[in-house]
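Here are some exercises to work through with the model open beside you. Try each task on your own before you read its solution.

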Amino acid sequence: MAIPVIDLAELHGDKRSKTMTSLHEACEKWGFFQVDNHGVDKKLMEKVKEMVNGYYDENLKEKFYESEMTKSLNKNEKISDMDWESTFFIWHRPNSNINQIPNITKQLCETMEEYIAQLIKLAETLSELICENLGLDHNHIKQTFCGTKGPSIGTKVAIYPQCPNPDLVRGLREHTDAGGIILLLQDDQVPGLEFLKDGQWFRIPPSKNNTIFVNTGDQIEVISNGKYKSVLHRVMAEKQGNRLSIATFYNPGNDAVISPAPELLYPGNYQFGDYLKLYSTTKFLEKGPRFESMKTTMVNGHHG
């Protein structure tokens, strides 16, 4: 099986319908996909990767290999309550903490901010396309995520260091993502990321040519009323080298109120007799409009 690849350039022209169908199937059946022709400057992406790797080498690597976890692993002790990762988190919106990260250079701050500005545009585009596929107003996710201060945008920067005993520890334990749309700039050499697909762990290959790997989080599952489910994933520790992962989260603001989109809910709290009345005149028509009619009846607060 090949991971779905969504080519955003094909949204403009006669391949739009096919591309939208591919995106819908990727969200519904996989929960993850790759995006090409995404509009994010690929030279900028290379610069971000290079600078993050440099930051790790200068500030984090030595400390990581001196940690108690590393000492335990060197004694061949299995580790089940920690992850084999060296990581830090950058908040971008609504407030940034990037200048508070120890020893971060002005150049890395500026490069990351330029990258994030482009990535937010991509996240918003994807949110609009997802809404279109769900039959929602194209701004529904953006408006839902806003809260009073706008969406929360943050980046988990992680290195999964070369591991001497990968059978004894996970790079990152199994989990789904809490938020909305996750956009991953990942290593182009070292594998390790795995997603659960049809009950089997599916190995995600390194990203070539700076495609962006996308998965949907728990809040998209809620908004879509379970149509687009968040998927369990993990990172395996690897022997053959460090794996770089720069995952940016397009999430709701902390005070955003999340619920399934009303358009995606079945009708509820009606009397069966009322449904039969409607059914008697619409029996040989599509059931979808019948359900919508029942929803309207209940919203208006009356039966019959």
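## Exercise 1: Salt bridges

The structure holds 19 salt bridges, a salt bridge being a side-chain nitrogen of Lys or Arg within 4 Å of a carboxyl oxygen of Asp or Glu. Before you start, note that this is a predicted model, in which local features need pLDDT of at least 70 and side-chain atom pairs count only at pLDDT 80 or more, while totals for chains, interfaces and linings use all residues. Residues are numbered from 1 along each chain as its sequence is written, and side-chain values use heavy atoms, with hydrogens and water left out.

**Task.** Find the salt bridge between glutamate 194 and arginine 203, and say whether each partner is buried, partly exposed or exposed.

**Solution.**
- Step 1: The side chains of glutamate 194 and arginine 203 meet at 3.1 Å, N to O.
- Step 2: Glutamate 194 is buried because its relative accessibility is 8%; buried means under 20% relative accessible area, exposed over 50%, and partly exposed in between (1.4 Å probe, protein chains only).
- Step 3: Arginine 203, with a relative accessible area of 40%, is partly exposed.
- Step 4: Through shared partners, salt bridges link Arg170, Glu174, Glu194, Arg203, Arg234 and Glu238 into one network.

## Exercise 2: A buried arginine

**Task.** Which side chain of opposite charge is nearest to arginine 243, and how far away is it?

**Solution.**
- Step 1: Locate arginine 243 in strand S11, residues 243-251. Helices (H or I, at least four residues) and strands (E, at least two) are DSSP runs, numbered from the N terminus.
- Step 2: The nearest side chain of opposite charge is aspartate 187, 6.6 Å away. Here Lys and Arg count as positive and Asp and Glu as negative, while His and the chain ends are not counted.
- Step 3: Arginine 243 is therefore buried without a salt bridge, given the 4 Å limit.
- Step 4: Its side chain does make a polar contact of 2.8 Å with that of glutamine 186. A polar contact is a pair of N or O atoms within 3.5 Å; within protein, one must be able to donate a hydrogen and the other to accept it, and residues adjacent in sequence count only if both atoms are side-chain atoms.

## Exercise 3: Two asparagines

**Task.** Where do asparagine 76 and asparagine 210 lie, and is each one buried or exposed?

**Solution.**
- Step 1: Asparagine 76 is in the loop between helix H4 (68-74) and S3, and has a positive phi of about 60° although it is not a glycine.
- Step 2: Asparagine 76 is exposed, because its relative accessible area is 55%.
- Step 3: Asparagine 210 is in the loop between strand S8 (200-203) and strand S9 (212-216), with a positive phi of about 55°.
- Step 4: Asparagine 210 is buried, because its relative accessibility is 6%.

## Exercise 4: The nonpolar core

**Task.** Which residues have the most contacts inside the largest nonpolar core?

**Solution.**
- Step 1: A nonpolar core is a set of buried Ala, Val, Leu, Ile, Met, Phe, Trp, Tyr and Cys residues joined through side-chain atoms within 4.5 Å.
- Step 2: The largest has 56 residues, and Phe33, Tyr115, Leu122 and Leu183 have the most contacts inside it.
- Step 3: H5 gives the most to this core, with 14 residues.
- Step 4: Another core lies apart from it, with 17 residues, including Ile3 and Leu172.
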